[in-house]
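Q: I would be grateful for a close look at one part of this structure, followed by a connected account of its surroundings and of other local features.

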Amino acid sequence: MKIEDGLFEGMTPVKLKGKCADGAEYSYQAFSVSEVLGSVTADSLVEFVSGDGRDTLVSGEEILAGDVYLAQDGETYRLVIPKDTHRRRWCKHITEIESEQGG
Amino acid sequence: MVKTAAGILAGGKSSRMGKNKASLTWNGDTFLHTLIDACRDFPEIYVSVDDREKYRDLSCTLVEDEEKEYGPLEGIYQVLKQMDAPYAVMLATDMPMISREFLKALVSNITGEEDCLVLRREGRPQPLCSVYAKSILPVVEHMRRNREHKPGLLFQRVNTRYLDLEELGFGEAVIANVNTPEEYEQLCFHYGRKLQEFAPRVREKLTHGKVMVCYLDGLGYRMYKNAADNGSVPFISRNFSVLPVRTVEPPVTNPAMATMITGELPYVHGIHSRKDREVLVPTLFAGRSGENTAFLEGDTRILKTELLPRLHAAAKGKGCDYWIYRDACKAASEEKEFIFAHFHEIDDAAHADGPFSSACMEKLKETDGYIEALSGIFKGEILLISDHGVHETGDGGTHGEDPCSNGVYSYNIEDMLAVWGEHI
């Protein structure tokens, strides 16, 4: 699934606000990935392809738990996982989302 | 040249080190074996020990202390008594940097006139890296009877000539010695194995057979020693020789991983921080394909490499390392030539709970089990490597984020010393 204009049509963004482990505060307009993907299952694995190469994989069960977001970050979107307070998986410039069944 | 023997003094108590210094590792071998190798040009090599039983596998001639608790002069005495040569160079076992060239230069200064040829560093005598004549035996016997143990007293009583290290044309490093774990770490930091030596090692191993690299993110040398001492890594500590390895600055994953897989330093590979991903030089994955190689990563692609890694995420109640392990087993059974498995959870535990926490030790135990299982399946050589260490903070651990200003290291030494393990 390509991240492009129109993908989020009809969806209501949520306001994400919080503080990271290093004290940095964040505030984003974001969409729940589970809503964006629609048909994700607990067994699946979802890869977020990043324009800068920092691709990130998240399990379907974590996405279904509802705390994984695509957040607007300037002109592009980034992954935001609030419980990941060190921002290790918050990859930027997401261009595509690929879902596959886990092994 | 005057015929000279070599005497290695390995009978000390190593009390400040807390373990026998002779068995400390240095570039893939022990201190003692490293020194024996440096002495291989001498016609006679003696090793002075406190207990023969501990060294029964050694091929050199062993001499044992008769006077216990008498100090190094006892070892010198026993070697002089046993040897045939008129002179012997006596060396403490805790100086792994001593080289053949240095010893050759030292003994070439023996004129045959002196009783002792004593090396000095900055004006200070180095009695445990000096030359003694067999003819001084009566003087040493007299000292033993009077329980006089200071080599300085001996030097006053015999014909002693002093030789400054600078005259030999060697720097201080050649006789660097260690007495404490901290000094050992410093020696490793300054003169030991470097992370940039790993990729050439892997390339060389790959020319001979299959290789699996188990990359244990965040496993510092001090953390590993702690785990080995408390029994958390029974398989690794029994089956691998694990050495400290100096990582790059800053000691964080991206630059260190890039050095690990390229053999180059950051100014060459272009990865200077956690934000950089574009590697400027070929990596271990250049020219490789999924047909012959399995590159197994955690949940994030860290660097842009020629071969894309397979990513793994925590799922079904298992952490991502479990899924990496599963895929490594699969790749081993498919007989891939090169498997590179990047395990992440030791680092995660060290950040969350601290590098010496029980959670971290548990994670090491789990990883030790993975490596034991992989060793049973993989028909090739397994190399262990890590990228950096982690030091304790008040609420967990961190690394590479707090440059020190002590004038010695740019970063905390616990962060700078990673590990490199090879199968024994």
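In what order do the 3 strands of the open sheet in chain A lie, and is the pairing parallel or antiparallel?

A: In this predicted model, the 3 strands of the open sheet in chain A follow the order β4-β3-β7, and their pairing is antiparallel. The edges of the sheet are formed by β4 (56–59) and β7 (94–101) of chain A, each of which pairs on one side only. On average, neighbouring strands of this sheet are turned by 20° against each other, direction ignored. Strand β3 of chain A, residues 44–50, is joined to β4(A) by 4 bridges, and these two strands run antiparallel. Within that pairing, Leu45(A) has Ser59(A) of β4(A) as its bridge partner.

UniProt, in an unreviewed entry, places the feature "domain: MobA-like NTP transferase" at residues 8–148 of chain B. Over residues 8–148 of chain B, the chain is 26% helix and 24% strand, and the end C-alpha atoms lie 21 Å apart.

Asp94(B) is listed by UniProt under "binding site", again in an unreviewed entry. The residue is located in the loop between β6 (87–92) and α3 (100–107) of chain B. Asp94(B) counts as buried because its relative accessibility is 6%, and the cut-off for that class is under 20%. Leaving aside neighbours within four places in sequence, Asp94(B) is in contact with Lys21(B), Phe31(B), Ala176(B), Asn177(B), Val178(B) and Asn179(B). With one of these residues, Lys21(B), the side chain of Asp94(B) makes a polar contact of 2.8 Å.

Ala38(B) belongs to helix α1 of chain B, which covers residues 31–38. Ala38(B) has a relative accessible area of 7% and is therefore buried. Apart from neighbours within four places in sequence, the contacts of Ala38(B) are Ile98(B), Ser99(B), Arg100(B) and Leu103(B). Thr111(B) is 73 residues away from Ala38(B) along the chain, and the C-alpha atoms of the two are separated by 22 Å.

Several loops of chain B deserve attention for their backbone geometry. Arg147(B), in the loop between α4 (137–145) and α5 (151–157) of chain B, has a phi near 55°, a positive value in a residue other than glycine. Its relative accessibility is 43%, so Arg147(B) counts as partly exposed. Lys316(B) is found in the loop between β13 (293–296) and α13 (320–333) of chain B. Phi of Lys316(B), a residue other than glycine, is also positive, near 50°. Lys316(B) counts as partly exposed because its relative accessibility is 43%. A further backbone feature is the cis peptide bond from Glu249(B) to Pro250(B), with omega near -5°. Pro250(B) lies in the loop between β12 (240–246) and α11 (253–262) of chain B.

The axes of helix α9 (residues 221–229) and helix α15 (residues 358–377) of chain B come within 11 Å and cross at roughly 80°. The helices α9(B) and α15(B) are therefore roughly perpendicular, as angles of 65 to 115 degrees are classed in this way. On the side of α9(B), the contact is made by Met223(B), Asn226(B) and Ala227(B). Their counterparts in α15(B) are Cys360(B), Met361(B) and Leu364(B).

How values were computed: Residues numbered from 1 in each chain as written. Chains lettered and ligands numbered in written order. Predicted model: local features only at pLDDT ≥ 70, side-chain atom pairs only at ≥ 80, totals over all residues. Heavy atoms only, no water. UniProt positions renumbered as here; feature names shortened; annotations may be inferred. Buried < 20%, exposed > 50% of the residue type's maximum accessible area, 1.4 Å probe, protein only. Contact = heavy atoms within 4.5 Å. Polar contact = N/O pair within 3.5 Å; in protein donor to acceptor, adjacent residues only side chain to side chain. Pairing = 2+ DSSP bridges. Axes fitted to C-alpha atoms, helices over the stretch in contact; angles between N-to-C directions. Parallel < 35°, antiparallel > 145°, perpendicular 65-115°, else oblique.
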